[in-house]
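The following paragraphs lead through a chain one region at a time. Please keep the sequence and the model in view while reading.

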Amino acid sequence: MDTVRLHVNGQSREVCGTSPTTTLLEYLRGAASLPGTKEGCAEGDCGACTVVVIDPEAPGGPRFRGVNSCLLLLPLLHGKHVITVEALQQRVGDDPGWHPVQEALVAALGSQCGYCTPGVVMSMFEACYRADLDAPWKLDDQMCGNLCRCTGYRPIREATQKIAGCRPADRFSAALAKSGGEPPATLRYAAADGGAEQRFFIPGSLPELFDLMDAHPGLRLVVGATDLGLDVTKKGERFPVLASLQAIGALRELEHVDGRWSIGATVRLADLEDATDHALPPVARMLRFFGSRQIKNSATVGGNLCNASPIGDLAPVLLALDATCVVAGRGGERRIAIDEFFVGYRQTALREGELLVRVELPDPPASAKVVAYKVSKRREMDISAVAAGLRVDLDNGVVSGARLGFGGMAATPVRARVAEAALVGQPWSQASCDAAAARLADELTPLSDHRGSAWFRATVAANFLRGMYADTLHDPVPRLSDRPSGTLLGATATELPR
């Protein structure tokens with residue numbers, strides 16, 4: 001097949017001969033002649049490019065997902081339904097037919113210069129059809145990926161609060177209901193870019209993927225493109241061969257059975273956050289501040305881990321929870337402990353022809369204390385200076401085991417084993433945490449960069465551990481609204497509210 005087929009605002013479209021590293025935003029504003037969607041940062045930070053995609057395979061049934069069109073490569077939309085701001089108005093006679101989110105934003109005076117407004121409207125559009133916006137922090141999370149320099153957020157938030165979860169029985173709800181049941185579309189696509197051929201594949205099974213990996217040794221895997229898309233928009237990369245894992249259903253399975261989690265490599269971070277909200281609070285807590293809703297609607301568990309960034313936010317908490325990475329190749333599966341998965345800067349223990357298929361981890365025991373922390377220059381939508389997942393297992397008030405995972409402190413996410421050893425055998429107390437914190441300097445030697453100096457990172461990491469004892473005294477942990485402004489403390493295994 002040499003044609004990308006997608007639906008835009010209810011109309012079928014076919015694309016051929018276009019570079020597979022063309023972004024959805026470029027296509028919408030160019031060949032599709034839909035300039036309502038704007039380009040701001042071209043890196044998924046500002047939200048001006050937000051559009052909505054129907055995900056028919058989402059847990060619980062089809063759902064709308066607001067996504068950053070500046071990062072999504074066009075072939076990733078093969079077989080998908082895309083909705084842009086132009087679709088929201090449907091004139092009937094003299095009635096302009098504005099969508100409820102547009103009417104709410106106008107009534108609240110939520111638009112001034114208007115450049116950000118289309119993206120704001122589309123994030124509100126997703127909110128309009130969500131059934132789970134049942135807490136104030138979820139409204140903040142829904143809209144934190146949209147920057148507005150003119151209006152300010154109070155009127156935008158008021159408008160969002162008015163329409164959140166209203167789910168009108170309109171043509172969009174009808175389209176959503178009809179979108180389920182079809183198998184994911186596969187694709188074999190090729191096009192020339194500047195005289196060089198580029199190929200893009202969407203295989204439907206692991207055996208088909210392994211065939212592609214054998215035939216194309218330099219093949220790059222992609223699903224959400226929240227990291228790889230930056231190579232395209234910021235570095236001008238034109239990858240010769242790409243393969244998306246989006247049509248391999250087994251990789252999107254998410255199960256919690258008999259006290260164990262099995263998390264497929266292509267599970268969206270938004271779905272993992274929903275699943276762990278009360279069942280595994282440290283993971284949900286870290287994901288709350290991982291990035292915007294648009295990013296979490298696209299980014300995947302496997303992508304975050306296999307990028308092997310030392311500041312990836314999932315790795316520290318998974319280190320604390322003793323996760324196992326299950327990888328597969330043509331010869332079958334093998335298991336790698338999470339603390340052996342990262343072998344160097346942006347390097348993993350994956351062998352040639354292998355990929356991560358799922359992550360497994362047990363629920364922590366009731367006696368365990370588990371927290372997840374992240375510090376960055378701003379609370380929402382920022383990269384970690386330091387992140388941590390910290391866990392101690394207690395036996396009659398004495399530490400019987402410890403797993404302390406840190407990000408931003410070395411070339412890879414790491415466990416602080418010297419500090420762990422300092423805790424084991426000690427009573428769970430402020431003094432034992434202080435003593436273990438003092439040992440962190442013996443094994444962690446962070447770098448200095450624009451996100452923080454080595455001194456800052458070392459001090460923050462030690463203060464995480466010092467503060468862990470005080471934080472775990474709360475049952476439940478205080479809500480975000482109870483925290484002093486600018487702080488970000490963790491979640492314990494006993495926490496219920498967020």
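Predicted model: local features only at pLDDT ≥ 70, side-chain atom pairs only at ≥ 80, totals over all residues.

Contact here means heavy atoms within 4.5 Å.

Helix α5 spans residues 153-163, and its buried residues are Pro155, Ile156, Ala159, Thr160 and Ile163. These residues cover an arc of only 135 degrees around the axis, so they lie on the same side of α5. Arg154 and Gln161, on the other side of α5, are exposed.

Most residues other than glycine have a negative phi. Leu109 sits in the loop that joins α2 (100-107) to α3 (117-128). Its relative accessible area is 64%, and Leu109 is therefore exposed. Ser33, also not a glycine, has a positive phi of about 55 degrees. The loop that holds Ser33 runs between α1 (24-29) and β3 (50-55). Is Ser33 buried or exposed? Ser33 counts as exposed because its relative accessibility is 54%, and the cut-off for exposed is over 50%.

The cysteines come next. A disulfide requires a pair of cysteine sulfur atoms within 2.5 Å, and by this rule the count is zero. Cys148 is in no disulfide, and its nearest cysteine sulfur, belonging to Cys116, is 3.6 Å away. With a relative accessibility of 9%, Cys148 counts as buried, since buried means under 20%. Cys16, by contrast, has a relative accessibility of 55% and so counts as exposed.

The last stop is a pair of helices. Two packed helices are described by the angle between their axes and the distance between the axes. For α16 (residues 430-439) and α17 (residues 454-472), the axes come within 8 Å and cross at roughly 170 degrees. Angles over 145 degrees count as roughly antiparallel, and α16 and α17 are therefore roughly antiparallel to each other. Which residues of α16 and α17 meet? From α16 there are Gln430, Cys433, Asp434, Ala436 and Ala437, and from α17 there are Ala462, Leu465, Arg466, Tyr469 and Ala470. By class, this contact has seven nonpolar residues, one polar residue and two charged residues.

Notes:
Residues numbered from 1 in each chain as written. Heavy atoms only, no water. Axes fitted to C-alpha atoms, helices over the stretch in contact; angles between N-to-C directions. Helix = DSSP H or I, 4+ residues; strand = E, 2+ residues; numbered from the N terminus. Parallel < 35°, antiparallel > 145°, perpendicular 65-115°, else oblique. Nonpolar A, V, L, I, M, F, W, Y, C, P; charged D, E, K, R; others polar. Buried < 20%, exposed > 50% of the residue type's maximum accessible area, 1.4 Å probe, protein only. Arc of directions from axis to C-beta.
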